Amino acid sequence: MQTKLNPYINFKDNTRAAMEFYHSVLGGKLTMNTFKEFQASQSPDDDHLIMHAQLETENGLTLMASDTPHWMEFNPGTNISLSLSGDNKLELTGFFEKLSKGGVVSMPLTTAQWGDTFGMFTDKFGVGWMVNIS
């Protein structure tokens, strides 16, 4: 799988509605999973929230999103990150290490609940990044 770069949007309790709207406009295939499905809820209030949504269109567009759970801070205007994903572990690990240098790693690369290697950081310019290695 070739490495992909795409936007990742965080919403507050309305990811399902937003992604269904984008799907109605852009078409393609939409998948959504809740915090409960990934056993990642920290309270029953999180169960119905979307932990990961992904819209992939026939012409190659990819848009990802999630709800911000109640225990995390939500700041409109800073709720978009860049996501790098693919299966090239060497390449993606290198991107993670180089892009995060001088920034703040909020989650080191580690095995996630869904089985992939995942990490998050804010680079030295204040841009949020996520890296997922399948």
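This briefing covers a salt bridge and the nonpolar cores of a predicted model. Residues are numbered from 1 along each chain as its sequence is written, and side-chain values use heavy atoms, without hydrogens and water. Local features need pLDDT of at least 70 and side-chain atom pairs count only at pLDDT 80 or more, while totals for chains, interfaces and linings use all residues.

**Salt bridge**

- The count is 1 salt bridge (a side-chain nitrogen of Lys or Arg within 4 Å of a carboxyl oxygen of Asp or Glu).
- Lys4 pairs with Glu56, and their closest N and O atoms are 2.8 Å apart.
- Lys4 sits in strand β1 (residues 4-11) and Glu56 in strand β3 (residues 50-56), so the bridge ties together parts 52 residues apart in sequence. Helices (H or I, at least four residues) and strands (E, at least two) are DSSP runs, numbered from the N terminus.
- Glu56 is partly exposed, at 34% relative accessible area. Lys4 is partly exposed too, at 28%. Buried means under 20%, exposed over 50%, and partly exposed in between (1.4 Å probe, protein chains only).

**Nonpolar cores**

- The largest nonpolar core has 10 residues, including Ile9, Phe11, Met32 and Leu63. Such a core is a set of buried Ala, Val, Leu, Ile, Met, Phe, Trp, Tyr and Cys residues joined through side-chain atoms within 4.5 Å.
- β1, α1 (15-26), β3 and β4 (62-67) each supply at least two residues of this core. β3 gives the most, with 3 residues.
- A second, separate core has 7 residues, among them Leu84, Leu92, Phe121 and Trp129.

**Around Met32**

- Beyond its neighbours within four places in sequence, Met32 has contacts (heavy atoms within 4.5 Å) that include Arg16, Met19, Ile50 and His52.
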